[in-house]
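User: I'm new to this one and would like to go through a few points. Can you take my questions as they come?
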Amino acid sequence: MAHGHHQHGDHDHGTHSHGHHDHTDIDWAEMAPLLESQAELFTSLYERAMTWLTDKQTEPGLIVDAGSGPGVVACLLAEAFPGARVVAVDGSAPLLERARARADRLGVGDRFGTLTGELPGVLHELDYPADLLWASRSLHHIGDQRAALAAFAARLAPGGTLALMEGGLPARFLPRDIGIGRPGLQARLDVLEEEWFAEMRSSLPGAVAETEDWPALMAAAGLRFTGTRTFLLDLPAPAKDRARAYVAASLSRLREGLGDHLDATDRATLDQLLDPDDKASVHHRPDVFVLAAHTVHTAAHAM
């Protein structure tokens with residue numbers, strides 16, 4: 001789903017936008033172009049986050065993107081840290097093939113590798129500890145997040161940094177009152193998605209309920225908390241074509257995943273917003289925008 005609270009631009013998978021690969025019925029190769037275009041929309045946000053990270057981390061030798069999807073962010077990391085080797089880690093081999101091809105196309109393939117497997121166990125297959133481990137909205141798809149953070153910490157080199165992108169604010173695409181249906185549609189969708197997210201978390205193998213105090217959890221994993229910063233993506237109305245495509249895809253997944261829980265009025269509004277032939281749809285209306293906030297928490301290996 002397209003909820004800014006959970007969404008990862010590199011990973012809008014299935015009926016939601018969380019970066020996880022336990023859905024064996026999803027054709028990742030088919031979804032990859034959409035995942036890439038959506039991640040590219042968030043490039044400016046990721047670049048600002050990486051500028052912030054460069055102030056915290058001396059030139060890293062090895063960067064690991066834990067839950068990389070098709071590699072848009074992994075390649076941005078390679079460009080931001082030109083002396084580093086980057087390893088993209090993901091459970092989907094087709095997405096990692098896209099990541100490798102992207103790295104070659106951008107001229108960073110000579111210091112770009114991939115590792116296929118499920119987090120966090122697959123990290124044991126890394127040849128070396130990571131100087132920077134980036135995990136963007138992948139942790140919350142692991143049942144025992146505390147244990148996963150301990151596993152992340154165990155794969156950090158002395159002085160290395162864990163950068164965890166979790167939380168932020170729900171994304172907004174439209175004004176409160178859009179002239180059709182009842183005002184406040186996106187707020188109502190947020191409530192349903194929060195309920196869906198809670199159910200998703202509780203159904204994960206080995207799920208452990210955890211207060212989402214990420215700095216405290218990082219400290220419990222033996223790391224030294226070093227900061228939190230939220231980064232904004234602000235694409236004002238009228239949205240350009242790529243942003244409109246992202247909004248349409250996001251609302252479409254919400255319609256598919258939550259539609260049965262909406263009342264008839266909201267379902268009809270969503271259907272109208274998604275109809276390319278309707279001038280009131282997100283494909284045409286002038287008030288469509290993208291406003292999203294993603295939060296990054298960092299902690300260092302306690303030498």
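Analyst: One term before we start: a crossing is left-handed if the near helix is turned anticlockwise from the far one by less than a right angle, and right-handed if clockwise. Also, this is a predicted model.

User: Ok. Is the crossing where H6 passes H8 left-handed or right-handed?
Analyst: H6 passes H8 in a left-handed crossing.

User: At what angle do the axes of H6 and H8 cross?
Analyst: At roughly 60°, and the axes come within 11 Å. H6 covers residues 185–202 and H8 covers residues 241–258. That angle makes H6 oblique to H8.

User: Which residues meet there?
Analyst: From H6, Leu189, Leu192, Glu193 and Trp196; from H8, Leu251, Leu254 and Leu258. By class, the contact has 6 nonpolar, no polar and 1 charged residues.

User: Switching topic. How many residues are in the largest nonpolar core?
Analyst: That core has 60 residues, and Tyr46, Trp134 and Leu251 have the most contacts inside it. H8 gives the most to this core, with 7 residues.

User: What does Leu251 touch, leaving aside its neighbours within four places in sequence?
Analyst: Leu251 is in contact with Phe173, Leu189, Leu270, Leu274 and Val282. Another core lies apart from the largest one; it has 28 residues, including Val87 and Ala221.

User: Back to H6: is Gln186 buried or exposed?
Analyst: Gln186, which sits in helix H6, has a relative accessible area of 11%, so it counts as buried. The cut-off for buried is under 20%.

User: And what does Gln186 touch?
Analyst: Not counting residues up to four places away in sequence, Gln186 touches Ala171, Arg172, Phe173 and Leu174.

Notes
Residues numbered from 1 in each chain as written. Predicted model: local features only at pLDDT ≥ 70, side-chain atom pairs only at ≥ 80, totals over all residues. Heavy atoms only, no water. Axes fitted to C-alpha atoms, helices over the stretch in contact; angles between N-to-C directions. Helix = DSSP H or I, 4+ residues; strand = E, 2+ residues; numbered from the N terminus. Parallel < 35°, antiparallel > 145°, perpendicular 65-115°, else oblique. Contact = heavy atoms within 4.5 Å. Nonpolar A, V, L, I, M, F, W, Y, C, P; charged D, E, K, R; others polar. Core = buried A, V, L, I, M, F, W, Y, C linked by side-chain atoms within 4.5 Å. Buried < 20%, exposed > 50% of the residue type's maximum accessible area, 1.4 Å probe, protein only.
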